[in-house]
Amino acid sequence: MGNLVNLEAVTLAFGPVALLDEVSLGVEDGERIGVVGRNGGGKTSLARLLAGVELPNGGRVTHTSGLHVGLLAQHDALDAADTVRAAVVGDRAEHEWAGDARIREVLGGLLSDVSRDATIGPLSGGERRRVSLAALLVTDLDLLILDEPTNHLDVEGINWLAGHLAARRHAIVVVTHDRWFLDTVCTRTWEVTGGRVEAYEGGYSAYVLAKAERSRLAATAEARRQNLLRKELAWLRRGPPARTSKPRFRIDAANALIADEPPARDRLALSRFATARLGKTVYELADVTLRLGHRVLLDRVSWHVGPGDRVAVVGVNGSGKTSLLRLLCGELPPTEGRVRIGATVRAAYLSQEVAELEGTIRVLPAVEEVARVVELGKGREVTASQLLERFGFTGDAQWTPVVELSGGERRRLQLLRLLMTGPNVLLLDEPTNDLDVETLTVLEDLLDDWAGSLVVVSHDRYFSERVADTTVALLGDGRLAALPGGIAEYLTLDRERRRSDAAPVVAASRRAGGDSRAVRKELTRLERVLDRLARRETELHDALVAHATDYQKVTGYDAELQALAAERATTEERWLTLAEELDASA
């Protein structure tokens, strides 16, 4: 089996920094490769070289003759005037693309809540991202290169994408920090580090094992790095079996590495220490109802968060996860009911937005202006400089002007400033955004010893399962449900919900004798409904622009848009189900 792409002694540099130095490697037909490494280390540049959209400074990149390559870049090149339909399926007739099971699967998996007739221009960044991804997945390609494909996808979307890619027969190269995704999709891992590309067999679990074994045999890695790798390996070996894939080789070596490694967290000791810091109550919700516009996010919810509790919150987009965090931190009052906050609670809230700092300030002073020393728990103290070291700001990097930082570095700095406030409760909204795998491992290790309560909203399944002990879900109907089975149970509930939503329409068509004419008639009716919803959405977007300064009108328009989006998603799901039913009976 020959390589589709070959890199021969490739060098790539930006200024004095060599991202790739004499790198030689290849991608075989059918390979599924995950690319990991530090932010700014050259992962995106490697993807662009493989795709042929960037040229090396030295060496050679060759493609096999007639190779069809698709690249999902971090920034899309969509035409703002196009519709979603045109961007994804081009000028193909509706009966042509609607009869293609693969296209229907991609549209249902990625764009069930986006109107086919919506114009690209007004779409959110996340919606544009999903449109770009869908356009690639419906195309016949020999090599698919994806740069951070899980950005802006929720847990359900990531689960769907992983299943879809794992079933593809063609070659895939994925740059991502999502470790669950790497384990599920990839059979080979490349680590971009220090100008080199180190190759490992297997997904993330096998990569961690092999990296730890290499470090053990070479005996050159520093003690802190060894401890981090051993703890990560112990988690992989002991973690939820539904999430991890067990390495198929060097099992004896793996057992030797983690023989004396304790569990990631001493839950009992941390709970005792957290109780001493927080008392018995952290948050107590009593019959809380929360409405935004016409939407009911919480409906008479009662919930208790105690000292030392570590809770992951999951739910579909728009179900109210961020609003729940804002409710807990006091930014959003309940519509009805009562939220009791413990008297000793010092909460720190990490939002999805990166707060801008004065451009001339440098990294270390930006952290020290919050505090010079912070207690992490169990009497352990670290200085601002030591914490910066742990999060990758080493040496002169601590004196870099904030204005020169990348998006991932700014996110790290935001998180560090938050930790330096000395909170005993952390409310984290998508904390993994823009963080590389190594930084995530450091953050998880830090949280292992942090004595306090934690509520985290994240689409990163690995991170949620790694740092949280319990999972709750917002199911879109105002309930906050406890899930003993974690995210796997949530995905099962979501599949059952989707099937039950579609069942009445399918049953109605079958009661009509299974006649395909009845199904086609229902499809036509649903298309008229979708057209009506699209027209109303356009009217509402125009109204939002015209009344941008009128808060009350904007709130009302936004609430109606949310309701329309939910109705459109349900209608499109029914349309897709009926189309599949018609296709199966043909």
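Strand β10 (residues 283-292) pairs with β11 in the antiparallel sense over seven bridges, where two strands count as paired if DSSP finds at least two bridges between them. Helices (H or I, at least four residues) and strands (E, at least two) are DSSP runs, numbered from the N terminus. Leu292 stands opposite Arg295 in β11. These strands belong to an open sheet of three, in the order β11-β10-β13 and with antiparallel pairing. Its edge strands, each pairing on one side only, are β11 (295-305) and β13 (336-341). From one strand to the next, the twist averages 25°. Helix α12 (residues 321-328) packs on the sheet and touches β10, β11 and β13, contact being taken as heavy atoms within 4.5 Å. The direction of α12 makes about 130° with that of β10; angles run from 0 to 180 degrees between N-to-C directions, and axes are lines fitted to C-alpha atoms, for helices over the stretch in contact.

The model is predicted, so local features need pLDDT of at least 70 and side-chain atom pairs count only at pLDDT 80 or more, while totals for chains, interfaces and linings use all residues. Residues are numbered from 1 along each chain as its sequence is written, and side-chain values use heavy atoms, with hydrogens and water left out.

Turning to helix packing, two packed helices are described by the angle between their axes and the distance between the axes. The axes of helix α4 (residues 101-110) and helix α5 (residues 125-137) come within 10 Å and cross at roughly 165°. The two helices are therefore roughly antiparallel to each other (under 35 degrees is roughly parallel, over 145 roughly antiparallel, 65 to 115 roughly perpendicular and the rest oblique). From α4, Arg102, Val106 and Leu110 meet Arg130, Leu133, Ala134 and Leu137 of α5. By class, this contact has five nonpolar, no polar and two charged residues; Ala, Val, Leu, Ile, Met, Phe, Trp, Tyr, Cys and Pro count as nonpolar, Asp, Glu, Lys and Arg as charged, and the others, Gly among them, as polar.

Helix α1 (residues 43-51) is largely enclosed by the rest of the structure, because seven of its nine residues are buried (under 20% relative accessible area, with exposed over 50% and partly exposed in between; 1.4 Å probe, protein chains only). The buried residues include Leu46, Leu49 and Leu50, and also Lys43. Just after α1, Gly52 takes a positive phi of about 85°.

Across the chain there are 20 helices and 20 strands, and 51% of the 586 residues count as buried.
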